[in-house]
Amino acid sequence: MPLISVSDELAKKSFTSVENKFITKYLPILEPVAVKVYLYSLYVYQNALSALTLEDMATALCLSEDDIKSYFEYLEEFELVNVVSLIPFEIRILDPENIYGTPKKFKPEKYADFSKAVQNIIKGRMVSTNEFREYFLLLEDYNFEQNALIMIINYCVNLKGDNIRFQYIKKVAKSFADDNITTAKKVDEKLSAYTSSTPSLIRIFTSAGIKKQPDIDDDKLFKKWINELCFEESAIIAAAKFYKAKTVEKLDLALTELYKNKKFDVKEIEDYCKNKTSVYNATLDIARTIGVYMQNSAPYVENYVNVWYDYGYSFDCMKNIASYCFKHNKKSFEDMHELIKMLYSDGLVTDNCVNDYFDKLSNEEVLIKKLLTFCGLSRRVIDWDKENLARWRSWGFSDEMLEESAKLSAGKSNPVAYMNGILSAWKSEEIFSLDKIKVNTAATTPYKNNQQNTSIDKAEIERHFYDLRHNAEVTAEKHLNLALADETYNKIYKRINELSIDYALATIKNPNQAENLSRQIQQLELDGDTRLNELGIDKNNFTPHYSCKKCNDSGYDSNGNPCECMKKFMASIK
C-alpha cells in the first residue's frame, strides 16, 4: 500500500497545481501567511477567476488589503511574483528560479563582516535572514566582491532611505552585473561617472517637475539622450517643457519621437510641438484628398508628412500636391512621396515653384493631347509622350512645328514614331520654321533617301528603338517586382529607401547620425543581397540592360544626333 492515496471521489475533483521547485526551495523558508497568499493566487489564476478583486481575496484569506499587498511585495523579493501596477493593483506570477532542491546554505562566518556592514548601512530596520541569503546569492552567482556589493547597497540606501526594500537593491546590483561591474574599483568608477551627470539630471527634473532623485537608471537614459540621440541638455529641458513630461519614461518617449522626426534644436522642438496639431490635420486633409483611409494616422505623420515638412513644404503646398496626385491617379501616400522626392531633388520646394511646375506640366499635357489628336489618336497621355516632347523641344522645335509634324503624321500606322522621324529629318536639314517647310517640300516626306533612291521607313526605325527600350525597361521592372513579391526582401527594400532619405538630411544636420545611418543602409543592402541569393534572383537585372550603352536604345545621342546603332539599323533595312 502507498503511503498516501486518495479516494475515487477526490480524484474526480479539480486541483491547483504547484511547481515542485516552489515546494523544495521556497516553502521551507517563506513566512506561512505568504505561502497562503501565493497558493491562493495560483488557485485564482488556474481557475480563471478574473473577476476576483483585491478586496475579495482579502476577505477570503481573512486579511486586510494592505496585508495582501505587503505579502505580494514580500513574494516579489523572492522573484515569485512581479507587482505590475499599484493602481489598479495587479501582479504577475513568475516561474521559480531554476535552482532545484533547497536553497544554498552559507557558512555564517564566511560573510560575518559583510553582514555587519550591511546592517550598519540599513539602520531603519532589521535585515532578515532571507534578505541576507539573497545578498549571499548575489555575491556568489554574480561574482561580486563584498566591498563592491556594500558600495551598491550604500548608494541605494543614500538614494532611497533606510526603509528601502531589497527588491530595489537587487535590481540595481543586477544592472551592475549585466555591465560586468562587479569589483569595488569598477563600482566606484561607475558611481563617480553617475555623480558627474547628477547636476544635469537634477536641472532637467526640476524643469520638468519630476519629483524624485536621479538614480542609476535615470543616468543610463541621460547618457542615451546625450550620446546616442545627440540631444543637448537645453533641448532635453525644452522637450520636457513642451511635452509636459512629468516622468522619466514620458520624457524618454518624447525625445525618441523628436529623434525620429529630426528635431534636435530648442527652436526646432518648439516649432514641432506647436505644429503637431497642424501636422495631424494636414495628414487628414491629404488622406481625404487622395482617397486614403487611415485607421491610425501616426505612421503617415511620421513617415511622410513630417518628412515633407522637414523638406520645407508648407501644408498648403502639400494639399496642392495631393490634389495633383489624385487627378493623375497617384492615390497613395507612397506615390505622393515619390513625386515630392522628385520635386525636392529638382529644388522645387516653395509654393510658387511647385505651382509653376504643375502649370507647366498641365500646359505640356494639353499640348501633347492636341498633338495626339492631330495624329488621329484618342488615347490618354503616357510617360513616353512626355519623354518625346522633352526630346523634341531639346532639338529646338516650337509648338507650331510640332503641330505641323503631327498633322503630317495623321493616318500613318505608327503616327508618333512617324512624327519623330519627320522632326529628326527637319533637324538634320536645319528646318525650324514653317516657311522653310514650304520652300523645302522634300522635307515633309523625310522617309526617302534621295542619294541612294531607297525607301527607308523611319516609322519602322522609331518602332524598333521604342521596342528595344521598352522591352529592356519592362524586363527590369519584372525582375524587381519578382523580388518585391517576397515579403522579407520587400521590407528590406522599403527600409533602405526610408533610411536613404534620413541619411540625406543627416549629412547636413548631424554627421554622426549620418555615419550611423550609412552603416545601417550598408547592412540592409547586405541582408537584401543575401535574401536575393536565397531566392536565386540577380540584383543586376533590376537595371534595364539596353542593347546600346551610348544612347540607351533611344537612337539618338545626347546632342540629338543619330547614334551609331541607328545608322547600322538603317543600313540593315535599306
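Author: Happy to! Let's begin with S115, which is part of helix α6, spanning residues 112-121. Helices here are DSSP runs of H or I with at least four residues, strands are runs of E with at least two, and both are numbered from the N terminus. S115 has a relative accessible area of 17%, so this residue is buried. The cut-offs are under 20% for buried, over 50% for exposed and partly exposed in between, with a 1.4 Å probe and protein chains only. Setting aside residues up to four places away in sequence, S115 touches F132 and F136, where contact means heavy atoms within 4.5 Å.

A word on the basis before moving on. This is a predicted model, in which local features need pLDDT of at least 70 and side-chain atom pairs count only at pLDDT 80 or more, while totals for chains, interfaces and linings use all residues. Residues are numbered from 1 along each chain as its sequence is written, and side-chain values use heavy atoms, with hydrogens and water left out.

Of the contacts with a separation of 6 or more, 63% are between residues 24 or more positions apart. The accessible surface is about 32300 Å², and carbon and sulfur atoms hold 50% of that; such areas come from the Shrake-Rupley method with a 1.4 Å probe, and for residues only the protein chains shown count as cover.

I164 sits in the loop between α8 (146-160) and α9 (166-178), and its relative accessible area of 4% makes I164 buried. Beyond residues up to four places away in sequence, I164 touches R125, C156, V157 and I169. A406, in helix α20 (residues 399-409), is buried at 0% relative accessibility. Its contacts, leaving aside neighbours within four places in sequence, are L371, F374, C375 and M419. A406 and L423 are 17 residues apart in sequence, and their C-alpha atoms are 9.7 Å apart.

N306 takes us to helix α15. This residue is buried too, at 3% relative accessibility, and N306 touches N261, Y272, V279 and V301 when residues up to four places away in sequence are not counted.

Now for how α15 packs. Two packed helices are described by the angle between their axes and the distance between the axes. Axes are lines fitted to C-alpha atoms, for helices over the stretch in contact, and angles run from 0 to 180 degrees between N-to-C directions. The axis of α15 (residues 298-311) comes within 11 Å of that of α17 (residues 333-345), and the two cross at roughly 20°. The pair is therefore roughly parallel; angles under 35 degrees get that label, over 145 is roughly antiparallel, 65 to 115 roughly perpendicular and the rest oblique. The crossing of α15 with α17 is left-handed, meaning that the near helix is turned anticlockwise from the far one by less than a right angle, whereas clockwise would be right-handed. From α15 the contact uses Y300, Y304, V305, V307, W308 and Y311, and from α17 it uses F333, E334, M336, H337, I340, K341 and Y344. These residues divide into 10 nonpolar, one polar and two charged. Here Ala, Val, Leu, Ile, Met, Phe, Trp, Tyr, Cys and Pro count as nonpolar, Asp, Glu, Lys and Arg as charged, and the others, Gly among them, as polar.

Another pair is α11 (residues 216-228) with α13 (residues 248-260), whose axes come within 11 Å and cross at roughly 15°. That makes α11 roughly parallel to α13. Their crossing is left-handed. D218, L221, K224, W225 and E228 of α11 meet V248, L251, D252, L255, T256 and Y259 of α13. Six of the residues in this contact are nonpolar, one is polar and four are charged.

Finally, some backbone detail for you. Most residues other than glycine have a negative phi. C230, in the loop between α11 and α12 (233-243), has a positive phi near 65° and is partly exposed at 27% relative accessibility. C62, in the loop between α4 (54-61) and α5 (65-77), has a positive phi of about 60° and is exposed, with a relative accessible area of 71%.
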